[in-house]
Amino acid sequence: MSIEKQVDPSRRGLLVATCVAGGAVGVGTAVSLVSTFQPSERAKAAGAPVEVDISALKPGEMSTTEWRGKPVWILRRTPEMMESLKKTEAKLADPKSEKPYTMDMPAYCDKQTRSRKEHSEFLVTVGICSHLGCSPISKFTPGAQPSLPDDWEGGFICPCHGSTFDLAGRVYKNKPAPQNLDVPPHMFLSDTKIIIGKDEKGEA
């Protein structure tokens with residue numbers, strides 16, 4: 001003989017509601033815990049590394065991303081652009097980047113190309129002029145142009161006070177900008193992905 005225990009209908013509703021609420025709290029806690037593993041906007045603004053997909057970047061093209069609230073350029077140079085770096089050296093204020101602006105040039109970067117040797121065609125540089133903090137504009141086409149010399153090899157010009165930089169971000173002599181453009185710590189995760197703000201030594 002079995003004895004069936006009766007449950008008061010009003011208590012049954014309370015029991016179901018409690019279980020549902022408990023489940024909702026559990027789900028909410030799980031979502032909260034997962035979100036803590038994602039970098040916050042504050043962390044990104046403070047300088048968290050930034051991963052960039054460069055798979056669509058063709059020779060002669062440049063993309064811009066943001067790191068620490070500043071524009072960072074990734075320029076994929078053509079063989080002709082690379083060759084021009086030899087021609088500009090005598091005209092530059094600091095061809096070997098011995099006078100840093102806000103950060104030392106990474107030791108793994110070649111002094112002429114200012115890029116990693118295993119991916120020498122890629123220039124990664126902060127697009128902020130070392131004079132008063134304006135952002136230069138690209139002038140990749142060589143030859144005479146307004147505000148540029150007749151023997152221009154291609155590079156960047158600051159629209160604020162006319163400082164000019166070659167295709168490695170090195171400033172020309174007798175210009176308002178006293179230093180070359182910064183090269184931030186960076187590394188290649190693959191042939192198609194770069195991380196900026198981090199290298200083999202850790203985060204910047």
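Rings of Phe, Tyr and Trp (for Trp, the six-membered ring) are called a pair if their centres lie within 6.5 Å; planes under 30 degrees apart count as stacked, over 60 as edge-to-face, and the rest as tilted. A search of the whole structure finds four aromatic pairs.

The structure is a predicted model, in which local features need pLDDT of at least 70, side-chain atom pairs count only at pLDDT 80 or more, and totals for chains, interfaces and linings use all residues. Residues are numbered from 1 along each chain as its sequence is written, and side-chain values use heavy atoms, with hydrogens and water left out.

**Aromatic pairs**

A pair of aromatic rings is described by the distance of the centres and the angle of the planes.

| Pair | Centre to centre | Angle between planes | Class |
|---|---|---|---|
| Phe 140 and Phe 156 | 5.6 Å | 85° | edge-to-face |
| Trp 152 and Tyr 172 | 5.8 Å | 35° | tilted |

Strands (E, at least two residues) are DSSP runs, numbered from the N terminus. Phe 140 is in the loop between S5 and S6 and Phe 156 is in strand S6, 16 residues apart, and their pair links distant parts of the chain. The pair of Trp 152, in the loop between S5 and S6, and Tyr 172, in the loop between S7 and S8, also links distant parts, 20 residues apart.

Buried means under 20% relative accessible area, exposed over 50%, and partly exposed in between (1.4 Å probe, protein chains only). Phe 156 has 0% relative accessibility and is therefore buried. Trp 152 and Tyr 172 are buried too. Ring pairs also join Trp 73, Phe 140 and Phe 156 into a cluster.

**Cysteines**

A disulfide is a covalent bond between the sulfur atoms of two cysteines. Here the term is applied to a pair of cysteine sulfur atoms within 2.5 Å, and by this rule the count comes to one disulfide. The disulfide joins Cys 134 to Cys 160, with an S to S distance of 2.1 Å. The angle about the S-S bond is -105°, and the link is left-handed. Cys 134 is buried at 18% relative accessibility, while Cys 160 is partly exposed at 39%.

Cys 158 is buried, with a relative accessible area of 3%.

Ser 163 lies in the loop between strand S6 (155-157) and strand S7 (164-165). Its relative accessible area is 1%, so Ser 163 is buried. Contact means heavy atoms within 4.5 Å. Not counting residues up to four places away in sequence, Ser 163 touches residues including Cys 129, Phe 156 and Cys 158.

Asp 191 is in the loop between strand S8 (186-190) and strand S9 (193-196). At 61% relative accessibility, Asp 191 is exposed. Asp 191 and His 119 are 72 residues apart in sequence and 8.4 Å apart in space, C-alpha to C-alpha.

Definitions and conventions:
Helices (H or I, at least four residues) and strands (E, at least two) are DSSP runs, numbered from the N terminus.
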